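Reader: I have a model open and would like to go through it with you. Could we take it piece by piece?

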Amino acid sequence: MFETLLNQTFMLLMLLLAGYIATKANIINDAVAQGMSGFVVQITIPMMILATAGAEAPAGSRNIIFWILIGTVIYYVVGIFLFTGIGKLTKFGTRKNALFVNLVVMGNVAFVGYPIITVFLPETGIFFATFFVLLFNFIQYTYGMSAMSGTRGFSARGLLTNTTVIAVLITVALMLLKVRIPAILTTSFTAIGGLSTPLGFLVLGNILAGMKLRSVFDRPFSYLISAIRMLVFPTLIFLAVVWLKAPYEAAVVLVVIGGVPCALSTSLFAKIYDNDTHFATATVLLSSILFLPCSFYLAFLVTKL
């Protein structure tokens, strides 16, 4: 597992460095970075979601899926309400509070979560984790996007024009109807969806180029958010799934994805909606760096399931 994490972390740092250098060399400017952010949010992430629609369910998976869906809903409902309340008590203001909640509750569930889950569940991990990721995308691209943009509530038109929400609904429908999409489409969706992380971290590199490097490490609040995400959350989820005697596969998915670093998409939303982009980027980067040592604790929890 350590080698997997090291490879992932090194790749992220190289992408970040490429974005940083390209910005300093005037290859990527703010307008280009803004366009790349929009492309990831509106095109590549929906493609990544659609690529999972062709997954074949393992035998006896219905109960495990049920546990994952219920656990995911509880995690997001409790997390959003709890930390929205905490943010109000600290008097952040509406937009800063939205950023705080997104950073704490939304994790890098696919790019970081998938490789670790496959270490413990090599045959079925990706399939089961997909259900957490589908709900994550639906929640972040409805509640998360709405909160970060400063708008209140949802409109039917807004939901129906949100490409990520549409992709989630199509994927769920195909899974329920057991419709297998052609391999050529799955391959195409996977290729386009695979651009999400590279482009996202190039954008982070662009943002970092406009910051002082030490500012990534001198924000105490970023350390607090990272600790909540990668130490407190997986511990609480571990205690809950052990107490409730959840199936092993569901427990692994919930504990691992509950303890991954802050979501890259939160930083992209911050850039798109001009919501304290530097703080969002610094926190996402710091949590990604700190995840390497924190992952040993995560692995310890999984071995005790």
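Reader: Let's start with Asn162: buried or exposed?

Author: Asn162 counts as buried, at 9% relative accessibility, where buried means under 20% relative accessible area, exposed over 50% and partly exposed in between, with a 1.4 Å probe and protein chains only. Please keep in mind that this is a predicted model, in which local features need pLDDT of at least 70 and side-chain atom pairs count only at pLDDT 80 or more, while totals for chains, interfaces and linings use all residues. Residues are numbered from 1 along each chain as its sequence is written, and side-chain values use heavy atoms, with hydrogens and water left out.

Reader: Where is Asn162 found, and what is it in contact with?

Author: Asn162 is found in the loop between helix 7 (156-160) and helix 8 (163-177); helices here are DSSP runs of H or I with at least four residues, numbered from the N terminus. Leaving aside neighbours within four places in sequence, Asn162 is in contact (heavy atoms within 4.5 Å) with Tyr141 and Met145. The C-alpha atoms of Asn162 and Pro46 are separated by 9.5 Å, although the two are 116 residues apart along the chain.

Reader: Switching to helix 11, why does its span agree with its number of residues?

Author: The 25 residues of helix 11 (residues 220-244) should span 36 Å at 1.5 Å a residue, and the end C-alpha atoms are 35 Å apart, so the two agree. The expected span is 1.5 Å times one less than the number of residues.

Reader: And where does helix 11 bend?

Author: Helix 11 bends by about 35° at Ile228, the bend being the angle between axes fitted to the seven residues ending there and the seven starting there. Ile228 is also one of the buried residues of helix 11, which include Arg229, Met230, Phe233 and Pro234.

Reader: Which helices do those buried residues pack against?

Author: The buried residues of helix 11 pack against helix 3 (62-89), helix 4 (94-105), helix 12 (248-258) and helix 14 (277-303). Helix 11 is followed by Lys245, whose phi is positive, near 60°.

Reader: What about the largest nonpolar core, how many residues has it?

Author: The largest nonpolar core has 95 residues, and those with the most contacts inside it are Tyr76, Phe132 and Val253. A nonpolar core is a set of buried Ala, Val, Leu, Ile, Met, Phe, Trp, Tyr and Cys residues joined through side-chain atoms within 4.5 Å. Helix 6 (residues 125-149) gives the most to this core, with 12 residues.

Reader: So what is Phe132 in contact with?

Author: Leaving aside neighbours within four places in sequence, Phe132 is in contact with Ile68, Thr72, Tyr75, Tyr76, Val109, Val253, Leu254 and Ile257.

Reader: How many disulfides are there?

Author: The count comes to zero disulfides, a disulfide being a pair of cysteine sulfur atoms within 2.5 Å. Cys262 is in no disulfide, and the nearest cysteine sulfur, that of Cys294, is 11 Å away. Cys262 counts as buried at 0% relative accessibility, and Cys294 likewise counts as buried, at 14%.

Reader: Last one: where does Asp274 lie, and is it buried or exposed?

Author: Asp274 lies in the loop between helix 13 (264-272) and helix 14, and at 60% relative accessibility Asp274 counts as exposed. Its phi is near 55°, a positive value in a residue other than glycine. Asp276 is in the loop between helix 13 and helix 14 as well; it has a positive phi of about 45° although it is not a glycine, and it is partly exposed, with a relative accessible area of 34%.

Methods:
Helices (H or I, at least four residues) and strands (E, at least two) are DSSP runs, numbered from the N terminus.
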